[in-house]
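Hi,

Here is the structure I promised to pass on to you. Have a look at it first, and then read on for what I found in it.

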Amino acid sequence: MLSNKSLLLLTLLIVASALSAWSITDSYFGNRYGSYDARIYGMGSAGTFNDKGVLGISDNPANLTLMKKKYGFAANSYINRNEDNRATPFWNQFDYYIDDNVYSSNISIHDDFAGSAFVAHRFGKDGLGIGIYHKPLINFDASYREDVRNNRNTNDDVYANQIALNSIEGTGSLQQTGLVYSVSYGLGEYTDLNFGVDVSFLNGDVKQEKSIRWTDFAINAIPAFNLPNMIETQDYSLSGTQMKLGTALQLNTRFGIAATYTPKTILTQEGTYYYKRDAYRNTAVDSTNVSYKQNYILPTQMRFGMSYTPRNVLRTVFNMDVEYVLWSEVNERYDDMLNIYAGVEHAIVNRMPLRIGFQAVSNQFFTMEDAIDLNGDPIQVYNVNKIVNPMITAGSSIGLAKNVTVDLGFGYTWREYNALDLFGDAYYNDKTYTGAGSNSANIWTNPQYVVLKDRGWENPDKVRENNISLNAGISFSW
Amino acid sequence: MKKFLLLLLALVCMGLLAAKVDLNTATLAELRQLPISADQAKDIFEYREYVKIFESIFDLREIPSIDQKTLLKIRPLVVVSLFQETDDAALRREVIRDLLERMDQNEGSMEGMADVWEDYLMTPQNLNRMHFDDFMGIPNVSGVDAVGILKRTAQGDTIADTRDLRSSAGLSHYGYTNLRNYVYYTEPPVKNRLMWDAKISYNTRYFEEGQYDMLREDFTRDYTTGTVPQRKDLSYWGYFGLNEVDPDMMMKMRVRYGNNFKIGLMNSSGKGESGLMSANTESFIKDSKWFAGYENTDMPGLNNSRLKAYVGNYRVTYGEGLVMENTDFYSARKTGFGFSKRILGITPDLSKTQEFALKGGAVEYTHPLFGVSAFVSQDDKDAIMYINKDGSPVKRDEYGNDVFTDNDTTSPMYGHQYYTQGFSKIYSYANGSPVSADKNKVFSYVIPTIRFDNDELMDAEASFNAEMNASTPTSYKNPYINLATRTDALREKLWGAHFQINPMIGTKLGFTTYTALYDNAHFVVPGYTGDVNIFNTLLRTYADFDEAHGFKLRKAVNSELSNLYSTQTDKYSRDYRRVIGFDGQTVIGNTSIQGEYAELSVNGSDTKLGDDPMAYLASAYTQYENLTFLTLIRHTDVDFDNPYSNSFSEHERFDGTMLDGNVYSLTNSSIADLYLNGNQAQPEQGLYFETRYKFNNYFTIGRSYLDFTERLADHRRSVRFQSELELRPLFQISLRLRYKNQVNRFEDLADRCISKTNEYTLAARTFLSNRDFLELEYRYNTVYAPPYLSITSLAQPGNNDGTAGQTLMVGDYIAANYTHNFTSSLKIQGSFLYWFGHGISHWDWEDMEIDFMGEKGSKAWVAISSRISQNLYMNIKFRNKTYQDKEMRIRRNNDPYYSSLIDDQIYLQRVEHSENTIRFSLDYRF
């Protein structure tokens, strides 16, 4: 049996995973949408070896001196539109599972900003540079609404009565401010070796709220009884430091290889957890209000990249990265994952490139469900779902002046997976709150057919999400 | 004196030249010596390095930082030396690049052949030394073409070049234009050297409609029991969470030295299968395909003889594919002519063929007058097995008894094996020896849609069994899953040989045989009658095959199912399968005649013809300069169950059986894989005519055919006709009109009726400059069909005899296809299609796959092909298909025996589907 404290921590972990990031399903650390350098973003975020982008120093600190520039400055904005459709299994009259029908569809938009600057000095073939960047690492903005309705009046083309409103709202982000140091050893005109270190400070304030609120219709339908609203909030801060080591080796005029290593980072998560369900019938208010402090783990990441510049009538750069993330450090039930990034840049006409890219990143998310074991005892079943996010990207640039460029990167990704119902149906069982033998006919149409119970993994939601993102940045470098 | 002056002049010129900077060879440091800025020098250097070699000094103006003034300033100081590509492989690749790119798009049955063709494109064969069968393996080259060339070379004539080849008597235009890319004449374009190519691909595909239905079929109780749990996890779909995006991943690498030494490795994991991420070294090797081979086209000893020897995975094809053509992929109407080719003999195999892959060793020795080859293979195959309730395989003894192990701990015979007679358990045979069995009872080979891990599958079956047991056991003959797919469960040892004599040019006679031995398995298919019959085994409930009640599932009675091949039945008791066949070909004038006869040894003699199930195919192909005509006759017995046969047929095996349309009636829905992924031709006989005729440069009748088919399992007869007329008033514009008519007559107890399909397609194509291409297409389609109850039934139950007549389904679509080449390095292709109505089908222009569509919807795709460098290609394709589908599957609507359904309403629900597919591939060729 788990201790109360660990149970609470686990619960918090689950709540956090359910609420984090712009996608409400996103696991421990949400989706990573790749590089903040808009040029690299359009190339499938394959930017471990990046000798052009100022914001590339946040992907690999060794990119700073790889660029062989003296100064650089970049500002970047990022906007993402997430569409989240959740569907329940759908049966035909022979009770045959045929498909899933969408019961809630939410669109949310969030934006982020990032910036970077550096100075570097070259001593002959060698170089030394220092830079700074600021970017959001994880965004916790989320917005999800779900109506609970009966099916009354639907024959008359009228909206059915709304019984309750479920919502999940999240705000906040984890911001990363990094200092980057890099040295370069020139080995030839087109051969040099770069080492970089990135020490960054991570800070963020997050507020998340999940609630079920009965509507006036439901409350007025059974005025003699109290229908309990539920609210669950988390208010916490994250803080800590992260280090990243990077190297980039320009082998010759055509090839470059690079690698980064980001060791496991432990952040401090400190905040309060509040839960309240109103009183009903002869049941008192259920509430919890605790402060907590716990570790929040960012797993070790190892990333290897290459860049190839062939001879091509459309001047071309091809980048490819492979990344290994030790998710097992976060939770032993997670598997370590391999992610792939690849992109190509063709100069269609001078200074007007077309970039295309592809990436396949896997996320995992963790859920816990009540179940009964073989002896009939209640147990908790843990489940880890792996979610593959394939993504296609495209991008271009506009050269404003010799050293000033506006880059645009566009991305489209989608994913389909199973997930547990975010709000179990048993909560709307008014029998619980009235003590009656059946559901109220004032709330439900034909209550004799209404069977409200939570769906577990035997009938999970099918979730279909897509993200359309635009990354735009301006950079100056000399 | 004159000579001296000339020499002086030359020396002065050389001196001047020597002082100049050669833009194509200068180092960056040398370029910096020019009176230009360091940035400009770097720009020049990078232009040469990253864009192109300078062809003239004026190319400098393409560099943004070099203006006219700078050009004029440095013009006297620089020269541009002539650059010529000297790498023969690079030169060759440029010649054949379009063909190579087209080859790369081949999938399915063509995929393995494309590798071979790619090799021959890159390192062609010496035309003057090629054998008849070598020509027959090349796309669009016929026997008549081959004879035209071979007659010349046999007379000692040496074909010197392409023009010389063109003048060969009998060689057709099509044959010539295709052949010329695969051959050389005197000097090979690429010297023997090390070459390698590698490919990775990532594809998030969706299942096809039948596969969806199969995987979603639930293992719930019968309706008669009342309660239905409505649990998604009682189907494979829900249990294995198949909603998730899960890519197919493939990696392939081939290395070869010229055409002599070749090795290759391929690993592929499909959607829903554990892939590379969870593979250890052992499982990676086990799941990968590989080969190593040696080929020599100039063997010492007999003149012009050749040797091929392969270990690992190889592919074997002979004759018309009746005895042996090992592939997992069915291909309709595979004539062996045009692009529908077979590569005869032994070739390495890195295709996605997994079930009928051969793994072992193969050797082939050929001479213009004869050929001999032999092959052995041992591989574990996937199979549909008979299983006990705990998921373990049912054992079979040598006498044909099902053997079980006593697991009753209270029994004195606990742990012993027994078979049953009535209700009694027999523990020893008449001779006193204990009952013993070590072979598994196997139903069939299968190509699973998803190769689930066996342990995971057994867990799933246990979960489904637990649910089924909750019902009244008597509602099932077998209240548990009694048949299931198991991967690598069937150990097949196979050996085979082929002998061939070629007495005259263009004439050959071959003999092929193979024998497959099953070390650990007995194939058993129950008969039609008796207590344990095919229907008890396959069908879920008594009612499903209850003839007395006239249920529609009776159609299973006459299907091919009752004729499934068995190596151990009442009439045949051996644990091997042997097929023996003869093939032959001869060319008379401009006609090539070929055929193959094959017999499957059952209870006849191996050496006697006509006493066993057999198949034959004979065809005659006549070609004129602008006309080809093919007549083909074929017959495949119902009992001729040769999984390695992939000959010409109209349909694949089990088409129109309950594996096709009534998945819900099966004890295990995954048995439907026998049809859904079936490679084998259906037992049929038929007559097929095909022609092409080019009237002149403006009018062409494209591939047009007429096929009369009788499916022998149930005598369903079909006629299919298709013709295409192309009008090309200008080279750049083409108008195509295509008409297809198909009539199927069902001679079936349940569906005694006719379906008629008419399809009209009009396409306008424009071939723009720079190889750009635009096509607009419209198709109109009608299907006059038997009364599909799911369409004709009123939304109320009960008999509807009076109202259910024939059904006319009408559909049409409009489509646009476009290709734009930015340069030779970057190409974008796109397609859009919108359809409305039923029964419409579309052959995806780039996908090489056919798509049947209902209701309404649209699909679109865009593909970007980037040729990153001479060797490296990247392709990204995104496809979306959004459609509404009628989701209702009406099963027993008219069934008066289930009174609980009488008052049920039928709701024709519709659900919108949206499928996103992304395909990413990287190809490296060196």
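What percentage of the 926 residues in chain B do buried residues make up? The figure is 40%. Please keep in mind throughout that this is a predicted model.

**The two chains**

Chain B has 18 helices and 39 strands. Of its contacts with a separation of 6 or more, 65% are between residues 24 or more positions apart.

Chain A has 478 residues, and buried residues make up 46% of them. You will find 5 helices and 17 strands in chain A. Its C-alpha trace spans about 85 × 50 × 40 Å along the principal axes. If you take the contacts in chain A between residues at least 6 apart in sequence, 67% of them join residues at least 24 apart.

**Where the chains touch**

The contact between the chains takes 45 residues from chain A and 50 residues from chain B. On the chain A side, the elements that give two or more residues are β1 (71–91), β2 (97–123), β12 (316–325), β13 (337–349), β14 (352–372), β15 (378–401) and β16 (404–419). By type, the residues on that side of chain A divide into 25 nonpolar, 11 polar and 9 charged.

One helix of chain B is worth a look here. In α11 (residues 209–216) of chain B, the residues B:Asp213, B:Met214, B:Leu215 and B:Arg216 are buried. What covers the buried residues of α11(B) includes β2 of chain A, together with α12 (236–239) and α17 (673–676) of chain B.

**The cores**

The largest nonpolar core has 111 residues, and B:Met385 and B:Ala672 are those with the most contacts inside it. Domain 2 (86–191) and domain 3 (382–519) of chain B each give at least three residues to this core. Apart from it lies another core of 55 residues, among them A:Val180, A:Ala258, B:Ile876 and B:Phe920.

**A run of paired strands**

In chain B, strand β5 (residues 194–203) and strand β6 (residues 248–257) run antiparallel and are joined by 10 bridges. Within this pair, B:Ala198 stands opposite B:Met253 in β6(B). On to the next strand: β6(B) is joined by 9 bridges to β7 (residues 261–269) of chain B, and these two also run antiparallel. There B:Arg254 stands opposite B:Gly264 in β7(B). β6(B) and β7(B) form a hairpin with 3 residues between them, and B:Gly258 in the turn has a positive phi of about 55°.

**Some single residues**

B:Asp488 lies in strand β18 (residues 483–504) of chain B. Is B:Asp488 buried or partly exposed? B:Asp488 counts as partly exposed because 14 other C-beta atoms lie within 10 Å, while a buried residue would need 20 or more. Leaving out residues up to four places away in sequence, B:Asp488 touches B:Asp380 and B:Asp382. B:Asp488 and B:Asp379 are 109 residues apart in sequence, and their C-alpha atoms are 8.1 Å apart in space.

A:Lys68, with a phi of about 55°, sits in the loop between α3 (63–66) and β1 of chain A. A:Lys68 is partly exposed, with 17 C-beta neighbours inside 10 Å. B:Arg333 has a positive phi of about 50°, and its place is in the loop between β9 (306–317) and β10 (345–348) of chain B. B:Arg333 also counts as partly exposed, with 17 C-beta neighbours inside 10 Å.

The model scores ipTM 0.88 and pTM 0.88. In chain B the mean pLDDT is 84, and 84% of the residues reach 70 or more. Over residues 11–17 of chain B, however, the pLDDT is below 50, and this stretch has 1 contact in the model beyond near neighbours in sequence. Residues 547–555 of chain B also stay under 50, and for them the model has 20 contacts beyond four places in sequence.

Enjoy exploring, and do write back with any questions.

Best wishes

Key:
Residues numbered from 1 in each chain as written. Chains lettered and ligands numbered in written order. Predicted model: local features only at pLDDT ≥ 70, side-chain atom pairs only at ≥ 80, totals over all residues. Contact = placed C-beta atoms within 7 Å. Helix = DSSP H or I, 4+ residues; strand = E, 2+ residues; numbered from the N terminus. Nonpolar A, V, L, I, M, F, W, Y, C, P; charged D, E, K, R; others polar. Buried ≥ 20, exposed ≤ 12 C-beta atoms within 10 Å, placed from the backbone. Core = buried A, V, L, I, M, F, W, Y, C linked by C-beta atoms within 7 Å. Domains from an automatic or database assignment. Pairing = 2+ DSSP bridges. pLDDT = per-residue confidence, 0-100.
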